[in-house]
Amino acid sequence: RQETEGRLFSEINNRQWDIPELRITLERSLKEINFFENLEITVKSAALGDRIIILNVKTIFREGSGEQLVLVAIEDVTDRRQVENSLTERAEFLRGLLESIPQISSTALPDGKANYYNNYFLNYAGIGYEQAVELGWQQFIHPNELEETSKAWRHSVSTGEEFEKEVRLKRHDGVYRWHISRALPTWNSEGKIISWVGTATD
């Protein structure tokens, strides 16, 4: 506290936060009495390099005296954003790959809920993307295989084991055709399932 009290924000921690973009933003906020929450800005620091930070500024009052103070909270989210961007790029690459495969393919969330179907499946089923996600693949399984297939899928989701079943899938003209349906989980570095990738081969 003694190292920071009475000093400018840009002077503390060996001037670590003496960053022009940050200083200008804070000075403007204090001058205009314009406080904000979760403002994301990219700053360039000689000490830290390019960083993405979340800035929160608000008024607080010292207990007892009622003195008005300004609370400034800074969160460095650079690493988080890099991970998010990496996951986005990975997802886009995977979906591009699945679109190029001449067979039904899809992805699902860790809990097993489908969140993507390729155009091959949409054309096969004769429906739009949003409708496919809303209905789910169970709506296209032949009633005779639905219960057993759903049970096997729940087992795979709960255990992380590979899913494989022979099922009949309803085509847009009402005809059911036999497919081998397979799905595998993808894992992160912590050993947790982050998605499922599935295919169905006629």
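A residue is called buried at under 20% relative accessible area, exposed at over 50%, and partly exposed in between (1.4 Å probe, protein chains only). The views below show a predicted model, in which local features need pLDDT of at least 70 and side-chain atom pairs count only at pLDDT 80 or more, whereas totals for chains, interfaces and linings use all residues. Residues are numbered from 1 along each chain as its sequence is written, and side-chain values use heavy atoms, with hydrogens and water left out.

**View 1. V57 in strand β2.** V57 belongs to strand β2, residues 49-61; helices (H or I, at least four residues) and strands (E, at least two) are DSSP runs, numbered from the N terminus. With a relative accessible area of 3%, V57 is buried. N38 is 19 residues away from V57 along the chain, and the C-alpha atoms of the two are separated by 8.8 Å.

**View 2. The open sheet of five strands.** The strand order is β5-β4-β8-β7-β6, and the pairing is antiparallel; two strands pair if DSSP finds at least two bridges between them. Strands β5 and β6 stand at the edges with a single partner strand each, so one side of each has no neighbour in the sheet. On average, neighbouring strands of this sheet are turned by 25° against each other, direction ignored. The axes behind such angles are lines fitted to C-alpha atoms, for helices over the stretch in contact, and angles run from 0 to 180 degrees between N-to-C directions. Strand β4 (residues 104-108) pairs with β5 over three bridges in the antiparallel sense, and A108 has A114 in β5 as its bridge partner.

View 3. Eight bridges join β6 and β7 in the antiparallel sense. Within this pairing, E166 stands opposite I180 in β7. The hairpin has five residues between the strands, and G174 takes a positive phi near 90° there. Helix α6 lies across β4, β6, β7 and β8 and runs at about 145° to β6, where contact means heavy atoms within 4.5 Å.

**View 4. N118 between β5 and α4.** N118 sits in the loop between β5 (114-117) and α4 (119-125). Its relative accessibility is 0%, so N118 counts as buried. The N118 side chain reaches the backbone oxygen of Q103 at 2.9 Å. This is a polar contact, a pair of N or O atoms within 3.5 Å; within protein, one must be able to donate a hydrogen and the other to accept it, and residues adjacent in sequence count only if both atoms are side-chain atoms.

**View 5. Aromatic pairs.** Rings of Phe, Tyr and Trp (its six-membered ring) pair if their centres lie within 6.5 Å; planes under 30 degrees apart count as stacked, over 60 as edge-to-face and the rest as tilted. By this rule the model has six aromatic pairs. One of them is stacked, because the rings of Y117 and F121 have centres 4.9 Å apart and planes at 25°. Both Y117 and F121 are buried. The rings of W137 and W153 are edge-to-face, because their planes stand at 85°, with the centres 6.4 Å apart. W137 lies in the loop between α5 (129-135) and α6 (143-159) and W153 in helix α6, so this pair ties together parts that are 16 residues apart in sequence. Both W137 and W153 are buried. Ring pairs link W137, W153, F163 and W196 into a cluster.

**View 6. Salt bridges.** A salt bridge is a side-chain nitrogen of Lys or Arg within 4 Å of a carboxyl oxygen of Asp or Glu, and by this rule the count is five. R168 pairs with E145, with the closest N and O atoms 2.6 Å apart. This pair links distant parts of the chain, 23 residues apart: R168 is in strand β6 (residues 163-170) and E145 in helix α6. R168 and E145 are both buried. R177 forms a salt bridge with D202, with the closest N and O atoms 2.6 Å apart. Here, too, distant parts of the chain are linked, 25 residues apart: R177 is in strand β7 (residues 176-187) and D202 in the segment after β8 (193-201). R177 is partly exposed at 34% relative accessible area, while D202 is exposed at 53%. The side chains of R171 and D173 also form a salt bridge, at 2.7 Å from N to O. R171 counts as partly exposed at 24% relative accessibility, and D173 counts as partly exposed at 42%.
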